[in-house]
Amino acid sequence: MTSGGAFYPYFSYDRCIGGLNVALDRIVQEKLLPNYNFTFTIKDDDCKETLAAGRAAELIENDQVDVIIGPICSEPAIIVGALSKFYNVPMINWGAASATVLANTTYRFTTSLNVVGPTMTVAQGFIQLLIELNWNRFAFLYAESQTKRCGYLRDDVLSILAQPDIDISLSYYREVNTSDVVSLNQTFTQLENTARVTFLCFTSDLDKITMLDALGNHGLITNPDFVFVIVEQRGNGFYMPAYDLGNNASYDSYIPLYQHPNVTDQQRMKEYLSRIFFFDLAIPVTLRDQFEESVKEKVAGFPFYCTTCEAVGSGAASLSDALYLYAIALNATLSDPNVDLHNNSNIFAPPNMRLGEQITRAAANKTFDGATGKVMMDNYSRRINIFAFTSLTDNYTMRSYYQIIASTENATVMETNNTVYAWEKWGNKQPLAIPKCGFDGLLCPASVLATYGGYIYAAIAIIAAAAIGTTTYLIRGQYLEYKRLNAAWQIKTEELYSPDEKSSDTRSLPQSIHSHSNPSIIRKPESEYYAFFLHNNEPVAARKFKSKIVIQARNRAEFRMMRQIDNNNLAKFLGLCTDGSQFLSIWRFYHRGSIKDIIAAGSFAIDGVFMTSLVRDIITGLHFIHHSSLHCHGHLNSSNCLVDERWVVKISDYGILDLLQQEPISSKKLLYLAPEQLRKPLHPLKDGVHRSADIYSFSMVATEIINRHPPWDTNNNQVEDPDEIVYLLKRRRDVPIRPIIDISSITDLSHNIPTLIQDCWNEDPTVRPTTGQIQTILKNMVNKNQSLMDHVFQVLQNYMNTLQEEVESRTKALMEEKKRSDVLLYRLLPR
C-alpha cells in the first residue's frame with residue numbers, strides 16, 4: 001500500500017483496507033478455508049522498488065508471512081516476484097501492477113498471480129477492435145506516470161504489430177507532456193499528417209481533460225475525420241472518483257469528468273467528451289456502487305476496526321478480488337492429495353503454507369464474479385479481461401457498442417448495440433483510417449478545374465440551359481399527358497345517345513356493330529341501375545348513381561389508371577359522366593349480358609366445363625384487381641360479371657367504391673356480401689373492404705353458376721326472404737347459414753368444386769383462400785389441353801353428327817315409304 005503522494009487517493013490503507021473485509025466475509029460464507037485464521041501485516045511501499053524489496057524481505061524473513069498481497073505497481077512487483085519465487089511464497093498483485101512480464105507464470109514468476117490483468121490483454125483487445133472496424137493505421141499518444149502502465153502498453157502493442165499476420169501499422173507514437181502547449185501543438189501537426197485514428201493512454205484524470213482541451217483548441221476533436229479513443233484499465237470510463245476533488249468532495253459516488261475542478265467550461269468539455277470513445281474494463285456501475293456500500297458497511301468491523309475510513313479508493317476492488325482469488329486457489333491446493341503440507345516431516349508440526357507454485361497452478365481456469373467484474377483465469381493462471389468500447393449519449397450516460405474478451409494471446413469482439421448510433425457525431429458515417437486522397441492528397445487525381453476552368457464553366461452553362469429546356473419540355477409534356485389522361489375518362493352527357501336516335505341512319509354504325517351486335521341487345525331497356533347508350537358509335541353500358549360526390553385527386557388518379565386497364569377478364573372502363581343530372585360510370589357493352597341474365601333466361605345449356613371456365617374467368621379477373629392499386633372489388637355479384645360473345649367473363653363495376661358508398665344496396669344484392677361487411681354499422685362498403693370479402697362474394701357467384709339460379713332461391717332453405725337471410729348472416733352462430741350446392745345433375749363437374757366454394761365462404765376471413773391459391777386449385781381441375789372454345793366446337797360437332805344420323809334415318813324411312821306408295825299406285829292404275 002501507500003502512505004501518501006499521488007497514489008494516496010487510490011491505494012492508501014484507509015481507502016482500500018475495507019476491501020479485505022468484504023473478501024473475508026465472502027470466504028467465511030462460502031467456507032473456503034474453514035478452521036483457518038488470517039493475520040494481516042500492513043506495510044507501505046509507495047510504489048518504490050527499493051522500499052518494496054526491503055518490505056518484502058521483512059515480511060518473509062521476520063514476519064514469516066504465508067502470502068504477499070502486493071505490491072501495487074509493476075516495477076516493485078517484478079523485484080518482489082523474484083523474492084517470492086525464491087522463498088516459494090505466493091504473491092498476489094493488485095492495484096496498478098499490470099506489466100505483462102508479471103504474467104510469465106510458467107518460468108519467471110511461477111509463484112505469482114495478478115488479479116489486475118496484464119497490459120497485453122489491453123493491447124490484444126484494441127488491436128482486435130481495429131481489425132473489426134477495418135482500421136489498418138493508427139497513432140498512440142500517452143503520458144507516463146510512476147506506474148508506467150502506458151509504457152508497458154506501448155511495448156505490448158509494438159510486439160503484436162511485429163507479428164507477420166497483423167496488417168496494421170502504428171504510424172506515430174509519442175510520450176507527451178500535457179502541460180507543454182507548444183510541444184502538444186507540434187504533436188498535433190504531426191498527427192494530422194500521419195493518422196486519423198488515435199489511441200490515448202493516461203493514468204491521471206487531469207491529463208485526460210487537459211489533452212481533450214488541447215485537442216479541441218487545435219480543432220481536431222470536433223473534426224469528423226478524426227477519432228480519439230482513451231484506453232483505460234480501471235473501469236471508470238467517462239467518470240472519475242469524487243474524492244479527487246479534495247475536502248469538498250462527496251465520498252458517496254463518482255462524478256463526470258467534465259466536473260473536474262480544472263475544467264473552466266463544463267459545457268464545452270461535455271461536447272468534447274461526447275466526441276470520443278473509451279476502451280475500458282467492463283465493470284457495471286451498479287456493481288461498483290454496491291461494492292462501495294459494502295466496504296463502507298464492513299470496514300469498521302473485524303479485523304481492522306477502521307472508524308476513520310470514510311472514502312473508498314478505486315484499488316479496494318482489486319485488493320478484495322486478490323484476497324478472494326488467493327482463498328480459492330489455496331482451497332484447491334489444500335484439497336489436492338499430492339500436496340505435502342509437512343515436507344515429509346512430523347505430521348504434528350505446523351503445516352507449511354508457503355505453497356507459491358502450487359497455488360499459482362491451482363488458480364488456472366478459475367472463474368468468479370468479483371468486485372472488478374467477472375474474473376477469469378486462463379490455463380496459465382493469467383487473468384482474461386473483459387473490455388467495453390463505449391461513448392456518451394445525449395443525456396451523459398455510457399452506451400457500449402462492443403464487448404472485447406482479451407487474453408495475453410488473442411481477443412474476440414462482439415457487438416453489443418447497434419453501431420450506427422456510435423457515429424452520430426461523425427455524420428452517421430464511420431471515419432476512415434486513411435483519408436480517401438491520402439494524408440498529402442496525392443492519391444486522388446489532380447484537379448482539372450484550374451486548367452480547363454473556362455471550358456468547364458461554358459459546358460456547364462450549356463448543359464444547364466439544355467437541362468432547363470429539357471426539363472421544361474418534359475414538365476409541359478407531363479402536364480399535357482396529365483390533362484389528356486384526365487380528359488380521357490371524363491365523358492360528357494352530349495356524347496351519349498340512345499340507339500333509337502340513330503336508328504334511321506344505320507350507315508353511321510360501324511361494320512363491327514352490324515356484323516357482331518344484335519340490335520335488340522343494343523336497344524336493351526333501361527333498368528334501375530343501368531342505362532344503355534352509344535358512345536363514339538360503340539354500344540356502352542352506364543351504371544347509374546343516385547348520389548354525387550366531390551371528385552378528389554385520388555379519385556382522378558384512380559380513374560386514369562382504370563382507363564388504361566386492358567385485362568381479358570375485366571370489363572373495359574371508358575369513363576365517368578358527371579355533368580348530367582346523375583353520375584354515370586361508362587363501361588363497354590357486352591351483348592350476352594351478365595351471368596345473372598344468362599341463368600335467368602335459361603336458354604343455353606351450361607355443362608360442367610362451362611361452369612368451371614366461367615368460375616376460372618371470375619377468379620382471374622379478381623386476382624388482377626387484388627394485385628393492383630385497386631386493392632379489392634368490394635361488391636362482386638352475378639350482375640356485374642358480364643359475358644362477351646366468346647363466353648369470356650368480364651368483371652365490371654370495379655374501382656368505384658367511393659360512389660357506391662353513397663348508394664343504398666338492395667336486400668338481394670346484400671346476399672352476395674360477406675358477413676363482416678353486413679355487420680358494419682353504417683354502410684357495408686365504408687371503412688375499408690378487405691380482399692377476403694371478395695372471396696366470399698366469389699363463392700356466392702360460383703354457387704349461382706353451379707345451381708343455375710340465385711344462391712339463396714328455392715334451395716331447400718327454410719328461409720327464403722332476403723331480409724331474413726341478411727339478418728341471419730349478421731348474427732354470429734356456431735354453424736352459420738349458407739346456400740346448398742347441388743351438383744347431382746352435373747356429371748362432368750369436379751367434385752372438389754363444392755369444397756373449394758365452402759372454403760371461400762368460411763366465416764373467418766383470415767382462413768379464406770387467396771385468389772392465387774384458388775387459381776392453382778382450379779388449374780388442377782380442368783383439362784389443360786382444351787380451351788372453352790374447343791369444348792364449344794366439340795359440343796357443336798357432336799350435335800351435328802347426331803343431327804346427320806337423324807336426317808339419314810328419316811330419309812331412309814321416307815324412301816321406303818315412297819317405294820310402298822309407288823307399288824300401291826301401280827296396282828291401282830289400269831294396265
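The largest nonpolar core has 74 residues, and the members that touch the most others are Ile618, Tyr654, Phe698 and Ile706. Helix 23, residues 691-707, gives this core its largest share, nine residues. Apart from that core lies another, of 51 residues, which includes Ile27, Ile72, Leu330 and Met377. Keep in mind that this is a predicted model.

Back to Tyr654. What is Tyr654 in contact with, leaving aside its neighbours within four places in sequence? The list for Tyr654 is Met562, Ile565, Leu570, Ala571, Phe573, Trp587, Ile625, Leu630 and His633. As general background, nonpolar side chains in soluble globular proteins tend to be buried together.

Three strands form an open sheet in the order 1-2-3, and the pairing is parallel. Strand 1, at 68-69, and strand 3, at 112-114, are the edges; each has a single partner strand, so one side of each has no neighbour in the sheet. Between strand 1 and strand 2, which covers residues 91-93, the parallel pairing runs over two bridges. Within that pair, Ile68 is opposite Met91 of strand 2.

Last, the totals. The protein has 831 residues, of which 48% count as buried. Its secondary structure comes to 27 helices and 22 strands. Taking contacts between residues at least 6 apart in sequence, 68% join residues at least 24 apart.

Technical notes:
Residues numbered from 1 in each chain as written. Predicted model: local features only at pLDDT ≥ 70, side-chain atom pairs only at ≥ 80, totals over all residues. Heavy atoms only, no water. Core = buried A, V, L, I, M, F, W, Y, C linked by side-chain atoms within 4.5 Å. Buried < 20%, exposed > 50% of the residue type's maximum accessible area, 1.4 Å probe, protein only. Helix = DSSP H or I, 4+ residues; strand = E, 2+ residues; numbered from the N terminus. Contact = heavy atoms within 4.5 Å. Pairing = 2+ DSSP bridges.
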